[in-house]
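Trainee: Could you walk me through this model? I would like to start with the overall fold and then go into the details.

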Amino acid sequence: MLKPLAALALLLLCAPAFAGECEANFKKSGNPIVMTTYTSAVTVPGIGTRDALAQMRGILVDERMDVMAEDAEQGTLLVEERQEGAKRPIPTTINVSEVASGTRVEMSVKMERGVFAKVEQMKPYMCALLAKVKGGKEG
């Protein structure tokens, strides 16, 4: 009985650390004239790479994205926003890998030349999507 309680207490103490991980890992590279890439990653304990990839697939399909390519063996997923009117599709790549503390889920969004997005918009959007990946019994 003490082991499950100790594990729960440890998880509750670590929860705030997981909450800010996406924000801390968020990076912007490039520029709108050439190409801008936004990336971030989280580590989710208690989930395998296949399950994490499957969860991200479902999360992104719910966001009205189309799956362009998926390789469960390599832990990669390529999706694009559905094209509507003159709006260009925006590719998003997901990479999952096992690390010592769980499964690392990395998201990369590439904005083509001339497509503008602010960090203040992209960071909360990407982090909200990554926060939906759940490990353990929640997953």
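Trainee: Among contacts in the chain between residues at least 6 apart in sequence, what share joins residues at least 24 apart?
Mentor: First, a word of care: this is a predicted model, where local features need pLDDT of at least 70 and side-chain atom pairs count only at pLDDT 80 or more, while totals for chains, interfaces and linings use all residues. Residues are numbered from 1 along each chain as its sequence is written, and side-chain values use heavy atoms, leaving out hydrogens and water. A contact means heavy atoms within 4.5 Å. For pairs at least 6 apart in sequence, the share joining residues at least 24 apart is 50%.

Trainee: Which residues of H3 are buried?
Mentor: Buried means under 20% relative accessible area, exposed over 50% and partly exposed in between, with a 1.4 Å probe and protein chains only. H3 covers residues 49-62, and Asp51 and Asp62 are exposed on its other side. The buried ones are Ala52, Leu53, Gln55, Met56, Ile59 and Leu60.

Trainee: Within what arc do those buried residues of H3 fall?
Mentor: Look down the helix axis and take the directions from it to the C-beta atoms, which define the arc. The buried residues line one face of H3 because they fall within an arc of 160 degrees.

Trainee: Which elements do the buried residues of H3 pack against?
Mentor: One of the partners is a helix, H4 (119-131). The strands they pack against are S3 (65-71), S4 (76-81), S5 (91-99) and S6 (102-111). Together, the elements are S3, S4, S5, S6 and H4.

Trainee: Which strands stand at the edges of the sheet?
Mentor: Two strands pair if DSSP finds at least two bridges between them. The open sheet of six strands has the order S1-S2-S6-S5-S4-S3, with antiparallel pairing. Each edge strand has a single partner, so one side is left without a neighbour in the sheet; these strands are S1 (27-31) and S3.

Trainee: What angle does the direction of H3 make with that of S5?
Mentor: Axes are lines fitted to C-alpha atoms, for helices over the stretch in contact, and angles run from 0 to 180 degrees between N-to-C directions. S5 pairs with S4 in the antiparallel sense over five bridges. H3 packs on the sheet, and its direction makes with that of S5 an angle of about 160 degrees.

Trainee: Which residue in the turn between S3 and S4 has a positive phi?
Mentor: S3 and S4 run antiparallel, joined by six bridges, and Met65 stands opposite Glu81 in S4. The two strands form a hairpin with four residues between them. With a phi of about 75 degrees, the residue is Gly75.

Trainee: How far apart are the C-alpha atoms of Thr39 and Lys27?
Mentor: Thr39 is found in S2. Beyond its neighbours within four places in sequence, its contacts include Lys27, Met107 and Met126. Thr39 and Lys27 are twelve residues apart along the chain, and their C-alpha atoms are separated by 5.3 Å.

Key: The expected span of a helix is 1.5 Å times one less than its number of residues.
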